[in-house]
Amino acid sequence: MNTAITAGLAPATPQDEKAPFAFTLAYIGIGANLGDARANVLDALDRLQRQPGCTLMAASRLYRTAPIDSSGDDYINAVARIATTLDAEVLLQALQAIEQAHGRERPYRNAPRTLDLDLLLYGDATINSPTLTVPHPRMTERAFVLVPLLELAPSIHIPGHGAASQYAAGVAGQGISPI
Ligand code: A4P
Ligand code: MG
C-alpha cells in the first residue's frame, strides 16, 4: 500500500498507483468566541472534511480557553490535521472562505470572531509571503494552539523552532480546559 492510499487519496487507475498523488500534512488552528462558538468549530471541522483537495486526518478535542491579547467571551479552540493536495496559498483561500461562510468580520485586530482558521504548519515548509506566514508566527506563545497540537502530535517539530513540546511549560499559566 502506498502513502496516497493511506491518506484516503486512492489512485484512479492501476497505472496511477506508480505515481502517488503528492500531498502535504498541514495543521489548522480553529478558534471562535462569537455566536455558538462550539457549533462553529464543529462546522469548521465538517467543512474541512468536505473541502476538495483536503482530507481531515484527525481533530483534537475542543478546548475552552481564556482570550489572549483579545476581548470578549472565552474561546473554543481546536486543531485539525489534514492531508492536502492544495498549494499553501490556495489552502489559505479555502480557510478564509470557510471563515466567510460564518460571517467573519474584521472590525479591528484580534477582535472577537465567529470563526478563525489559521494555517499553523504546512509540512516542513517555511513561508513568508505578503499574505502567508508559516509556521504561524505566534504559535509557540499560545496554549490554545500548543495544547491541542501536542494532543494530536506529541513529538512534532516546528520549522525554525524545534520540538513544539519544549514551549508547553511557557504557556502553562494560560487558561485552557477540554470541554
Ligand atoms: N496570514 C498570514 N499568515 C497566516 C497564517 N499562517 N494563517 C494573514 C492564517 N492567516 C495568515 O488574519 C489576518 C491576515 O493574516 C490574513 O489576511 C492572512 O493573509 P485574520 O484571520 O484576518 O486576523 P487574526 O485572526 O486577527 O490574525 P491572526 O494573526 O490569526 O491572530 P492571532 O495572533 O492568531 O490571534 N485567544 C484565544 N483564547 N483563542 C484564540 O483563538 N485568537 C486570537 C487571534 C487572539 N486571541 C485568542 C485567539
Ligand atoms: Mg486568523
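The largest share of the shell around ligand 1, three residues, is supplied by β5, where strands (E, at least two residues) and helices (H or I, at least four) are DSSP runs numbered from the N terminus. This is a predicted model, in which local features need pLDDT of at least 70 and side-chain atom pairs count only at pLDDT 80 or more, while totals for chains, interfaces and linings use all residues. Residues are numbered from 1 along each chain as its sequence is written, and chains are lettered from A and ligands numbered from 1 in the order in which they are written.

In total, 23 residues surround ligand 1, the closest being G31, T65, S70, Y75 and T133; a residue is near a molecule if its C-beta atom, placed from the backbone, lies within 6 Å of it. Two or more residues each come from β4 (75-84), β5 (116-122) and β7 (133-134).

Strand β1 (residues 24-32) is mostly covered, with seven of its nine residues buried, meaning that 20 or more other C-beta atoms, placed from the backbone, lie within 10 Å of a residue's own. β1 pairs (DSSP finds at least two bridges between the strands) with β4 in the antiparallel sense over nine bridges, and T24 stands opposite T84 of β4. With β5, β1 also pairs in the antiparallel sense, over six bridges, and there the bridge partner of Y27 is L121.

Leaving aside neighbours within four places in sequence, I30 is in contact (C-beta atoms, placed from the backbone, within 7 Å) with V41, A44, N77, A78, V79, A80 and L117.

Helix α4 (residues 143-152) is largely enclosed by the rest of the structure, because seven of its 10 residues are buried, namely A143, F144, V145, L146, V147, P148 and L149. The buried residues of α4 pack against β1, β3 (63-65), β4, β5 and β10 (176-178), which brings the account back to the strand you asked about.

Terms used:
Buried ≥ 20, exposed ≤ 12 C-beta atoms within 10 Å, placed from the backbone. Contact = placed C-beta atoms within 7 Å.
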